[in-house]
Amino acid sequence: MAPPAFSDIQKSSNDLLTRDFFHLAPAAIDVKTVAPNGVGFTVKGKTNSANAIAASVEAKYADKSTGLTLTQAWNNANALDTKIELSELLTPGLKGELVTSVVPNGARNAKLNFFYQQNQVNARLFFDLLKGPIATADLAVAHDGFTAGAELGYDINDATVNKYSVGVGYAHPLYNVAATATSNLSVFTASYYHKVSPLVEAGAKATWDSVKSSAVNVEFATKYKLDSTAFVKAKIADSGLAALSYSQLLRPGVTLGLGASFDALKLAEPVHKLGFSLSFSS
């Protein structure tokens with residue numbers, strides 16, 4: 001089994017700390033359907049702090065016989081996003097993809113990416129074709145539960161290295177720990193995740209930005225599974241910010257999420273947030 005990609009060395013703790021906190025958008029809704037011919041459609045919409053609505057429509061088609069996947073999306077910022085993926089490219093475990101984004105009479109972006117996975121190896125290469133061009137590569141290798149990885153960014157026009165990062169981790173079926181040094185080895189992060197029981201998960205992350213501050217930021221989160229259809233999550237940071245979320249499967253294909261965040265240092269001020277989400281799938 002391939003190890004996680006370099007950016008996913010801390011995935012378990014990051015998911016616990018960031019996913020399913022519905023206050024991040026005051027309101028969000030997404031609808032997923034699949035046509036009889038296998039084409040999947042996704043409609044998403046959410047509000048932001050400026051009371052603006054971000055919405056998108058996406059269609060995805062996968063041909064399993066050839067390994068080709070085509071995804072086309074259009075959002076209300078008038079951006080046309082296209083992704084073409086081809087798995088098992090040239091050799092087993094290698095996948096290539098071309099990702100483009102076009103705003104008529106506006107910005108254009110194009111990226112060419114490659115992913116390679118084998119037992120104990122996970123490598124990726126990203127080319128930003130219209131900026132630089134810039135190449136970013138990362139590699140993760142694993143052995144007996146231990147994972148080590150590194151990332152390198154290179155500006156092809158200037159022939160300079162523009163970023164580098166390293167990370168290590170250890171994964172066990174019930175817990176994992178990881179540490180990374182990113183942003184040219186200036187931001188240091190240590191995290192842990194623990195599946196305490198089939199019902200309870202806990203995790204924490206400590207981050208130190210050596211350029212911006214001498215202080216270490218610490219976050220802690222926990223998740224409790226109420227039953228097979230519902231769970232609650234809570235997290236708190238040393239900055240005083242606390243968040244709660246509740247997710248309930250109302251019926252097959254329909255999920256409701258409720259969330260709130262509070263600033264314990266500003267309880268009398270209007271800085272607290274509430275949010276909800278509805279997700280439909282078929």
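**Close-ups of charged pairs in a predicted model**

View 1. At 38% relative accessibility, Lys11 counts as partly exposed (buried is under 20% relative accessible area, exposed over 50%, partly exposed in between, with a 1.4 Å probe and protein chains only). This is a predicted model, where local features need pLDDT of at least 70, side-chain atom pairs count only at pLDDT 80 or more, and totals for chains, interfaces and linings use all residues. Residues are numbered from 1 along each chain as its sequence is written, and side-chain values use heavy atoms, without hydrogens and water. Lys11 meets Asp15 in a salt bridge, 2.6 Å from N to O (a side-chain nitrogen of Lys or Arg within 4 Å of a carboxyl oxygen of Asp or Glu). Both residues belong to helix H1 (residues 11–18), four residues apart, or about one turn of the helix (helices, H or I, are DSSP runs of at least four residues, and strands, E, of at least two, numbered from the N terminus).

**View 2. Asp15 and Arg19.** Here the side chains of Arg19 and Asp15 meet in a salt bridge at 4.0 Å, N to O. Asp15 is partly exposed at 22% relative accessibility, and Arg19 is partly exposed at 48%.

**View 3. Arg124 and Asp138.** A salt bridge joins these two side chains, with the closest N and O atoms 2.7 Å apart. The pair links distant parts of the chain, 14 residues apart: Arg124 sits in strand E8 (residues 121–128) and Asp138 in strand E9 (residues 134–143). Both Arg124 and Asp138 are buried.
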